[in-house]
Amino acid sequence: MALLEISNLTVTIPTPHGIVHAVNSADLCLDYGQTVALVGESGSGKSMTARSIMGLIPASGSIESGSIRFDGQELANLPEKELRLLRGNRIAMIFQEPMTSLNPVLKIGDQVMEPLLLHRRLDKQAARTEALELLQQVGIPSPEQRINDYPHQLSGGQRQRVMIAMALACNPQLLIADEPTTALDVTIQAQILELIDQLRRDKGLALLLITHDLGIVAQRADRVHVMYAGQIVETAATDQLLNNPLHPYTRGLLASLPENALPGQPLATIPGQPPRLDKPIIGCPFKDRCPDVKPVCFEQMPAELDKGNGHLVKCWNYLL
Ligand SMILES: Nc1ncnc2c1ncn2[C@@H]1O[C@H](COP(=O)(O)OP(=O)(O)OP(=O)(O)O)[C@@H](O)[C@H]1O
Ligand SMILES: [Mg+2]
């Protein structure tokens with residue numbers, strides 16, 4: 001049994017323009033202690049997938065169908081009270097922008113202590129000692145002084161470190177990192193990713209790493225899921241995906257990595273835009289941007305094909 005098994009997950013959000021299918025029949029599997037990456041362009045449904053696991057989709061939205069099994073327990077449509085017990089406890093999440101998740105009027109020490117007091121029921125003194133220890137572990141210098149700081153007194157990288165300390169406070173089994181470094185400059189990005197990876201190894205966590213950057217994936221993930229327009233279009237072990245990408249979208253993503261640019265040539269990009277998700281998509285969602293498009297791509301969504309060793313792809317090129 002895997003730690004996390006998402007199957008056939010569909011998440012919808014009604015809007016004035018139509019029903020947004022933010023996640024559409026997605027499957028995702030994560031083993032104990034493994035790092036799995038979820039990659040895709042902005043708006044492809046990565047955060048909504050992560051939020052479904054945490055029971056944090058927008059109030060108007062719903063899990064239309066599918067299953068999310070965590071350590072054998074079904075989470076889809078679990079009552080809020082039970083989800084709250086899991087959240088921040090056995091499953092923790094680091095969000096895209098730490099400023100929106102930290103409380104601006106509370107000292108960072110109090111924020112790191114909160115889950116320790118609430119979930120682990122430590123007394124105040126023990127929680128303070130442990131908070132200092134956690135801040136030390138995530139690389140906050142002089143924690144005894146910084147514990148009294150407010151979030152605005154920290155740099156972006158330090159704020160993200162505090163978020164990581166909070167996420168780890170209850171020894172979760174699963175850590176979801178949703179683009180944990182987008183708001184940071186490149187050097188700090190690398191430091192934060194290294195920190196997350198090191199803590200993951202030390203504590204034996206499983207990590208769901210969400211990013212739009214395949215370069216990050218190459219170094220960190222065991223397996224990759226490529227998401228496009230709410231659907232998982234390709235899944236494989238990381239080296240397989242990078243060395244033998246099958247889906248034209250994955251190939252486009254790889255070609256647009258700066259390290260794959262030819263000297264003197266402009267960076268490759270994928271022309272066009274992803275489709276709107278508030279209208280039904282007929283056929284393959286990538287058809288309008290695909291260099292290998294065929295008439296059938298406009299008619300029907302391709303079925304998922306297993307190309308061996310768990311390398312799964314949804315593309316008509318391999319079915320005809
Ligand atoms: N509150 C909402 N109401 C309606 N639609 C929404 C809402 N939140 C998100 N969506 C839509 O759901 C889709 C998936 O959004 P999601 O935030 O999961 O994308 P993402 O892959 O995380 O993108 P990014 O890389 O920009 O964070 C998007 O098309 C978005 O427009
Ligand atoms: Mg997102």
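The shell around ligand 1 is made up of 6 nonpolar, 7 polar and 3 charged residues. The model is predicted.

**Ligand 1**
- Ligand 1 is surrounded by 16 residues, and the closest are Ser42, Gly43, Lys46, Ser47 and Met48.
- An oxygen atom of ligand 1 lies 2.7 Å from a backbone N or O atom of Gly43.
- For Ser44, a backbone N or O atom is 3.1 Å from an oxygen atom of the ligand.
- Ser47 takes part through its side chain, where an N or O atom is 2.8 Å from an oxygen atom of ligand 1.
- Taken alone, ligand 1 exposes 640 Å², and the protein buries 67% of that.
- Two or more residues of the shell come from each of β1 (4-15), β2 (18-30) and α1 (46-54), and α1 gives the most, with 3 residues.

**Largest pocket**
- At least two lining residues are supplied by each of α2 (80-86), β6 (91-94), α4 (108-118) and α7 (156-168).
- The largest share, 4 residues, comes from α4.
- The lining has 13 nonpolar, 6 polar and 5 charged residues.

**Second largest pocket**
- Of its 21 lining residues, His212, Asp213, Leu214, Gly215 and Leu257 lie nearest the centre.
- α8 (186-203) and α9 (214-220) each supply at least two residues of this lining, and α9 gives the most, with 5 residues.
- By class, the lining has 9 nonpolar, 7 polar and 5 charged residues.

Technical notes. Residues are numbered from 1 along each chain as its sequence is written. Chains are lettered from A and ligands numbered from 1 in the order in which they are written. This is a predicted model: local features need pLDDT of at least 70, side-chain atom pairs count only at pLDDT 80 or more; totals for chains, interfaces and linings use all residues. Side-chain values use heavy atoms; hydrogens and water are left out. A residue is near a molecule or strand if one of its heavy atoms lies within 4 Å of it. A polar contact is a pair of N or O atoms within 3.5 Å; within protein, one must be able to donate a hydrogen and the other to accept it, and residues adjacent in sequence count only if both atoms are side-chain atoms. Accessible areas come from the Shrake-Rupley method with a 1.4 Å probe; for residues, only the protein chains shown count as cover. Ala, Val, Leu, Ile, Met, Phe, Trp, Tyr, Cys and Pro count as nonpolar, Asp, Glu, Lys and Arg as charged, and the others, Gly among them, as polar. On a 1 Å grid over the protein atoms alone, a cavity is a set of points where a 1.4 Å probe fits but cannot get out, and a pocket is an open set with protein on both sides within 12 Å along at least five of seven lines; lining residues have an atom within 4 Å of a point.
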